[in-house]
Amino acid sequence: MNYLLQGFLLGLAYVAPIGTQNMFVINTALTRPRKMVWITAFIVFFFDISLAAICFFGAGAIISSNPILEMIIVGIGALVVIYIGISLVRSKDTMESTEEITIPITKIITTACVVTWFNPQAIIDGSMLLGTYRATLPGDAGIFFIIGVCLASGIWWFGMSTIVNLVRAKINDKILRIINIVCGIVIIFYGCKLGVQFIDFFKEIVLS
């Protein structure tokens, strides 16, 4: 139980900081019916725990140990994340019209995958955080720890998305537009950071 609690608390610290995942879920919770919000939360939850598990068991170390692979992933991730941010800034969603719009599940899955898995920094940071902590756990304690991380992820995504969806009635089109722009700018910022990393990798690997 102690290791389960440790995993739960670290899981909250791992998933709570504002990033592309949170922006995506918040925007969905503000503009879509609750059923769609919960479907989105579940899909993001799935990709999140799969990333956490793989980081915990060391895949991030494989990526970070292969400079060329890391450079390619960073470059692709930068372009995709910036595209998502620009699309959000240009979004014309309204509180009235989006309630009846059904987004294809494939698009939700694709976007959730991108905002989770196309962020190599998240993979590397997750590997350092979860992978390093795993090294300190005795025996089978790691299983209880990662279960705690997964529980934290589930509670966060379903809880946060539900709360945001419940207060959406207080959000009008003007506020939604501002939120979209702010979220889009933050996501573009993340993409630009990845772009800078790609340039640094390119200089170091290709030009050196």
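**View 1. Helices H2 and H6 are roughly antiparallel to each other.** In this predicted model, the pair is formed by helix H2, residues 20-31, and helix H6, residues 105-117. Their axes come within 8 Å and cross at roughly 150°. Angles over 145 degrees count as roughly antiparallel, and H2 and H6 are therefore described in that way. The crossing in which H2 passes H6 is right-handed.

**View 2. Helix H3 packs with helix H8 at an angle of about 155°.** Helix H3 covers residues 34-56, and helix H8 covers residues 141-166. The axes of H3 and H8 lie 9 Å apart. The angle of about 155° makes H3 roughly antiparallel to H8. H3 passes H8 in a right-handed crossing.

View 3. Phe-144 has a relative accessible area of 46%. Partly exposed residues lie between the limits of 20% for buried and 50% for exposed, so Phe-144 counts as partly exposed.

**View 4. The whole protein, shown for orientation, has nine helices and zero strands.** Along the sequence the pattern reads α-α-α-α-α-α-α-α-α. The protein has 208 residues, of which 43% count as buried.

Key
Residues are numbered from 1 along each chain as its sequence is written. This is a predicted model: local features need pLDDT of at least 70, side-chain atom pairs count only at pLDDT 80 or more; totals for chains, interfaces and linings use all residues. Side-chain values use heavy atoms; hydrogens and water are left out. Helices (H or I, at least four residues) and strands (E, at least two) are DSSP runs, numbered from the N terminus. Buried means under 20% relative accessible area, exposed over 50%, partly exposed in between (1.4 Å probe, protein chains only). Axes are lines fitted to C-alpha atoms, for helices over the stretch in contact, and angles run from 0 to 180 degrees between N-to-C directions. Angles under 35 degrees count as roughly parallel, over 145 as roughly antiparallel, 65 to 115 as roughly perpendicular and the rest as oblique. A crossing is left-handed if the near helix is turned anticlockwise from the far one by less than a right angle, and right-handed if clockwise.
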